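Colleague: I am new to this one. Could you walk me through how to read it?
Modeller: Gladly; here it is.

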Amino acid sequence: MTGKILKQMWHQRKINGWIFLELIIISFFLWKAMDPIYTITTLDNMDKGYNKENAFAAEMEARGTMEHEESIEDITKIVDGIKLNHMVEDASVTKKFSYPVSTSTTMVSYRSEESGDWIFLTLYSGYSPYAQPYLNITGYTDANTGKTPVINREIPAENICYLSSMAAAQLFPDKSNPVGKKVWTRRDTLTVAGVINDVTAYYGTYTSLIINFEPLPESFIPALYNHMDIIIKLKDNADPDKFRKHFMENEMQNLRSGNCRIAGIKSFDEIYTDVRTEIGIAGQTKLQYMLSLFFIACAFLGIAGTIWMKCNRRRSEIGLLRAMGSTKAGILKMFFTESAILVTLSYMVALIPLAAITLNSNEFMLSSDYLNLTIDNTSPYLYKRFLPHFGIVTILTYATLVGTAFLGTYITVHKYSTQQPSQALREE
Amino acid sequence: MAHISLKNINKVYRTDEIETQALENVNIEVQKGEFVSIMGPSGCGKSTLLNIIGLLDNPSSGEITINGTQVLSLKDKDLSSFRNRNLGFVFQSFHLIGSLNVLDNVELPLLYRNMPAKERTRMAKEILEKVGLSHRMYHYPSQLSGGQCQRVAIARAVVGNPEILLADEPTGNLDSRMGAEIMDLLHRLNKEEGRTIIMVTHNEAQARQTGRIIRFFDGRQVE
């Protein structure tokens with residue numbers, strides 16, 4: 001049967017040629033529309049390398065003049081007060097905007113023995129007494145074990161740092177294990193305590209991140225206090241909405257010490273969403289989705305329409321085949337096969353320029369397989385690798401193409417094959 | 001028992017506004033090996049009747065028995081198989097598939113019989129030989145004359161060896177010489193191979209050559 005179909009298609013090559021050409025163009029642009037949808041969706045859903053669930057950041061407020069110094073105990077008392085809530089698992093003081101969903105970033109240059117050049121990395125700083133809580137709350141995971149890093153108490157926390165996989169790859173380009181090795185700023189020397197899984201920023205791209213811990217100052221000037229934030233993690237079974245309501249209505253006003261008090265609280269999730277909206281990523285993403293979906297809808301109509309017309313022209317053939325003894329299912333199968341052959345061949349042609357463009361764009365070529373980390377389908381590395389990315393978008397596009405072609409075929413062929421053969425045979 | 005038996009066949013075409021009675025209480029019996037002509041003016045229901053006998057259309061009411069099988073109760077799969085094995089069709093406008101060559105067109109009914117390709121080709125070639133078109137088997141319908149196209153259509157109708165051949169004005173699109181050729185072929189198939197043939201025609205002379213004439217007028221059998 002397939003041989004007959006191919007023969008028939010070849011004999012109708014003039015008309016099939018135009019359809020083929022049209023399908024190549026549609027396939028090409030459909031792939032291009034599918035690509036951002038897949039990428040954005042994947043980036044949004046993949047492991048971001050930190051904990052976004054059940055985590056909150058508390059905003060602090062303090063009054064005072066430049067001459068007035070406040071004891072750090074005022075801050076630590078507030079942290080201790082937060083920890084008294086039965087829903088709270090841990091709380092930690094961090095430097096301002098030094099947690100995963102924070103907006104501003106401090107860039108500092110570092111080097112190692114192996115890097116040669118100074119490398120600019122994003123610096124997040126916690127405070128050494130709160131080093132372990134900081135790691136517990138942020139949810140960074142060790143690149144090798146996948147678990148929360150545990151601070152080795154033999155080395156003072158202010159002398160250690162953690163590197164994200166990408167930062168480690170930059171500082172140690174020979175891919176040696178950096179744990180225990182030194183990195184330098186222009187002022188300090190730090191020992192690498194561990195490598196954490198890459199952390200994504202708002203755009204879904206990785207941040208070359210270094211985390212260090214400073215000693216808590218003994219006092220601070222309230223007027224300049226806004227160098228600190230408090231981050232909170234709830235227990236696994238705690239209800240975040242209930243916690244927020246209870247915290248804001250009953251606890252917040254009591255959490256004050258000296259000139260410091262809590263001004264408000266937001267979940268990591270809210271901060272993430274707000275920031276994405278504020279800096280325009282949410283809007284851009286929506287626009288991208290809408291444009292892509294619009295094109296997919298156009299492609300759908302184009303393919304379905306073309307196939308519909310192609311099958312519609314062969315109405316009397318459908319009637320004839322029924323008269324010759326074909327079943328309705330047999331006719332559908334024949335036309336499906338024909339549509340699938342046309343779509344597959346044209347897609348294969350369209351894939352050649354698509355692969356060339358994708359490879360040349362260098363977009364997917366950043367290799368981050370540092371330390372031979374396990375790479376599976378849920379890995380955030382996925383989108384950076386040509387073959388898996390290209391393969392998945394190719395399969396998604398192909399499924400859409402074939403599905404659309406089948407739908408166009410089904411609507412027409414089903415209509416005529418379920419008619420009485422005499423009706424389908426009647427000249428139009 | 002009659003080879004083909006139609007009892008109280010009615011066919012009504014309905015639209016929102018009009019109801020047309022195409023066939024009214026038709027009762028026909030055709031014996032095995034008979035060559036029957038159906039005649040009547042245009043629009044009297046001849047082709048509708050042929051379509052109903054050929055299971056290409058359903059009657060609004062009535063019973064059809066072919067070869068002892070009550071065909072109206074058959075499901076799609078069985079009906080398709082029954083059509084394929086028992087009925088051959090010849091249409092006025094040939095209904096050949098233009099994108100397939102003569103051999104492939106003739107092979108078509110055999111495609112639905114799970115038959116090896118070689119066997120299909122052998123049978124198709126054999127029948128083309130019989131209708132005198134073995135030299136045209138790799139030609140396409142557009143490269144053939146009307147008479148040749150109709151011979152291909154007849155070859156296709158009989159390649160699967162059905163006992164019943166239904167011909168709807170098989171010479172309607174042909175000149176008299178080609179028409180005569182086609183009629184000779186149909187007579188041969190009837191006499192030499194014993195096939196039951198029911199032919200719709202407007203041609204009185206051709207109808208007289210057949211064993212029986214059934215005349216229709218306004219959806220009713222008048223003779």
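Colleague: In which crossing, left-handed or right-handed, does α2(A) pass α8(A)?
Modeller: First, some ground rules. This is a predicted model: local features need pLDDT of at least 70, side-chain atom pairs count only at pLDDT 80 or more, and totals for chains, interfaces and linings use all residues. Residues are numbered from 1 along each chain as its sequence is written, while chains are lettered from A and ligands numbered from 1 in the order in which they are written. Now the idea: a crossing is left-handed if the near helix is turned anticlockwise from the far one by less than a right angle, and right-handed if clockwise. Here α2(A) passes α8(A) in a left-handed crossing.

Colleague: At what angle do the axes of helix α2 and helix α8 of chain A cross?
Modeller: Two packed helices are described by the angle between their axes and the distance between the axes. Axes are lines fitted to C-alpha atoms, for helices over the stretch in contact, and angles run from 0 to 180 degrees between N-to-C directions. Helices (H or I, at least four residues) and strands (E, at least two) are DSSP runs, numbered from the N terminus. In chain A, helix α2 (residues 13–45) and helix α8 (residues 281–312) cross at roughly 155°, and their axes come within 9 Å. Angles under 35 degrees count as roughly parallel, over 145 as roughly antiparallel, 65 to 115 as roughly perpendicular and the rest as oblique. So α2(A) and α8(A) are roughly antiparallel to each other.

Colleague: Which residues in α2(A) meet α8(A)?
Modeller: Two residues are in contact if their C-beta atoms, placed from the backbone, lie within 7 Å. On the α2(A) side, the residues include I19(A), L23(A), I26(A), F29(A) and I40(A). Among their partners in α8(A) are Y289(A), F295(A), I296(A) and I303(A). By class, this contact of α2(A) with α8(A) has 14 nonpolar, five polar and two charged residues. Ala, Val, Leu, Ile, Met, Phe, Trp, Tyr, Cys and Pro count as nonpolar, Asp, Glu, Lys and Arg as charged, and the others, Gly among them, as polar.

Colleague: Which residues of α4(A) are buried?
Modeller: A residue is buried if 20 or more other C-beta atoms lie within 10 Å of its own, exposed if 12 or fewer, and partly exposed in between; C-beta atoms are placed from the backbone. In α4(A), the buried ones are A131(A), P133(A), Y134(A), L135(A), I137(A) and T138(A). That is six of the eight residues, so α4(A) is largely enclosed by the rest of the structure. Its buried residues pack against strands of chain A, including β1 (55–62) and β13 (228–234). Just after α4(A), G139(A) takes a positive phi of about 80°.

Colleague: Is R153(A) buried or exposed?
Modeller: R153(A) is exposed, with 9 other C-beta atoms within 10 Å. Look for R153(A) in the loop between α4 (131–138) and β6 (160–164) of chain A. The C-alpha atoms of R153(A) and I19(A) are separated by 70 Å.

Colleague: Now chain B. How many helices and strands are in chain B?
Modeller: Chain B has seven helices and 10 strands. Of its 223 residues, 48% count as buried. The C-alpha trace of chain B spans about 50 × 40 × 40 Å along its principal axes.

Colleague: At what angle do helix α5 and helix α6 of chain B pack?
Modeller: Helix α5 (residues 146–158) and helix α6 (residues 176–191) of chain B pack at about 15°, with their axes 9 Å apart. They are therefore roughly parallel to each other. α5(B) passes α6(B) in a right-handed crossing.

Colleague: Where is N114(B)?
Modeller: N114(B) lies in the loop between α3 (102–107) and α4 (117–130) of chain B. N114(B) has a positive phi of about 50° although it is not a glycine. N114(B) counts as exposed, with 6 C-beta neighbours inside 10 Å.

Colleague: How many residues of chain B are in contact with chain A?
Modeller: 21 residues of chain B are in contact with 21 residues of chain A. On the chain B side, the largest share, six residues, comes from helix α2 (residues 76–86) of chain B. By class, that side has eight nonpolar, eight polar and five charged residues.
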